[in-house]
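Here is a quick tour of some side-chain contacts, written for someone who likes distances and angles. Have the structure open while you read.

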Amino acid sequence: MVFLRRLAQLMLLLIQSGWSGVAPSPTDEGALRAGHGEHGEPGHQEPHKDSYSTFASEFLESRYLSDDGYPFPTAPPVDPFAKIKVSDCGVTKGCIRYGKPGCDAETCDYFLSYRRIGTDVEYEMSADTDGWVAVGFSSDKKMGGDDVMGCVHDDNGRVRIHHFYNVGQWAKEIKRNPARDEEGIFENNRVTCRFKRPLYVPREESLVDLHLSWYYLFAWGPAIQGSITRHDIDSPPVSDHMISIYKYEDIFMPSTAYQTFNSPLCLLLIVALTFYLLMGTP
């Protein structure tokens with residue numbers, strides 16, 4: 001488009017200069033004087049050249065100018081991906097964080113948010129991976145027979161939203177994709193995305209109604225040529241209770257590395273060691 005616009009401008013300049021970029025010859029000067037009197041008053045003009053120039057100029061302007069007579073603008077820049085606001089968690093949207101205590105959408109191992117917008121639910125997801133991040137809607141906290149939405153980073157650098165259905169431990173892609181208003185970005189070795197999905201859908205096996213409460217399954221992992229592979233951890237985290245999109249919670253789930261001191265056995269060992277150190281040895 002830029003090339004065509006430059007070409008049009010060049011042709012307009014050539015037309016306005018009489019199709020010649022060199023200094024006029026004596027013959028040309030005589031022809032110019034023939035069009036004016038001795039004192040510069042208008043004389044006889046060449047109607048063919050003027051009418052042709054006018055026609056060509058109007059044609060090019062009508063082809064390469066907008067209806068208002070202005071050059072067509074260049075394509076607008078693509079809006080950058082708006083960062084996920086964790087300050088809204090628990091207030092205007094629900095959030096689930098998995099990872100280090102105090103982490104946010106850019107530092108958690110996994111992050112998900114949800115909020116209602118009219119008849120849609122908007123989801124935001126982010127994970128520490130260069131492949132894919134997904135959320136599944138389950139009735140029993142187990143993988144298998146689940147409706148899944150995933151954001152996949154392909155070899156072209158794009159992040160696309162896909163619809164899957166869990167068949168056992170295997171995710172089968174479903175052609176019918178309820179996602180819309182899709183956004184995605186791969187940055188700082190993280191896959192992040194945002195999309196909307198209808199609150200109500202015709203009931204079928206691979207789609208669930210989001211106005212109902214579900215256990216949320218969280219998973220992420222590598223991708224090969226835009227196709228997902230096995231998730232990064234053997235037992236992906238799952239919400240400990242059913243999530244309702246009508247209740248905006250801010251839930252934190254410590255990752256495995258930060259669950260050690262939450263173990264009852266570990267706490268018992270710490271108490272025993274402390275008691276031993278305080279009492280001393282006989």
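## A buried threonine in a loop

Let's start with Thr129, which counts as buried because its relative accessibility is 5%, under the 20% cut-off. Keep in mind that this is a predicted model. Thr129 belongs to the loop that runs between β3 (120-127) and β4. Where does the side chain of Thr129 reach? It goes to the backbone oxygen of Gly221, at 3.0 Å.

## Aromatic rings

A search through the whole structure turns up eight aromatic pairs. Take Phe137 and Tyr216: the ring centres are 5.2 Å apart and the planes sit at 85 degrees, so this one is edge-to-face; over 60 degrees is what that label takes. Phe137 is in strand β4 (residues 132-138) and Tyr216 is in strand β10 (residues 215-221), so the pair ties together parts that are 79 residues apart in sequence.

## Salt bridges and a network

The structure has eleven salt bridges. In one of them, Glu124 pairs with Lys93, with the closest N and O atoms 2.9 Å apart. That pair links distant parts of the chain: Glu124 is in strand β3, while Lys93 is in the loop between α3 (47-64) and β1 (94-99), 31 residues apart. Glu124 and Lys93 are both buried.

Arg194 and Glu183 also meet through their side chains, at 3.4 Å from N to O. Arg194 is buried at 7% relative accessible area, whereas Glu183 is partly exposed at 32%. Which residues are linked in a network of salt bridges? They are Lys93, Glu124, Glu183 and Arg194.

Arg194 has a second contact worth a look: its charged end sits over the ring of Phe81, 4.4 Å from the ring centre.

Elsewhere, the side chains of Arg158 and Asp154 form a salt bridge at 3.3 Å, N to O. Arg158 counts as partly exposed, with 38% relative accessibility, but Asp154 is buried, with a relative accessible area of 14%.

Methods: Residues are numbered from 1 along each chain as its sequence is written. This is a predicted model: local features need pLDDT of at least 70, side-chain atom pairs count only at pLDDT 80 or more; totals for chains, interfaces and linings use all residues. Side-chain values use heavy atoms; hydrogens and water are left out. Rings of Phe, Tyr and Trp (its six-membered ring) pair if their centres lie within 6.5 Å; planes under 30 degrees apart count as stacked, over 60 as edge-to-face and the rest as tilted. Helices (H or I, at least four residues) and strands (E, at least two) are DSSP runs, numbered from the N terminus. A charge sits over a ring if NZ of Lys or CZ of Arg is within 6 Å of the ring centre and within 35 degrees of the ring normal. Buried means under 20% relative accessible area, exposed over 50%, partly exposed in between (1.4 Å probe, protein chains only). A polar contact is a pair of N or O atoms within 3.5 Å; within protein, one must be able to donate a hydrogen and the other to accept it, and residues adjacent in sequence count only if both atoms are side-chain atoms. A salt bridge is a side-chain nitrogen of Lys or Arg within 4 Å of a carboxyl oxygen of Asp or Glu.
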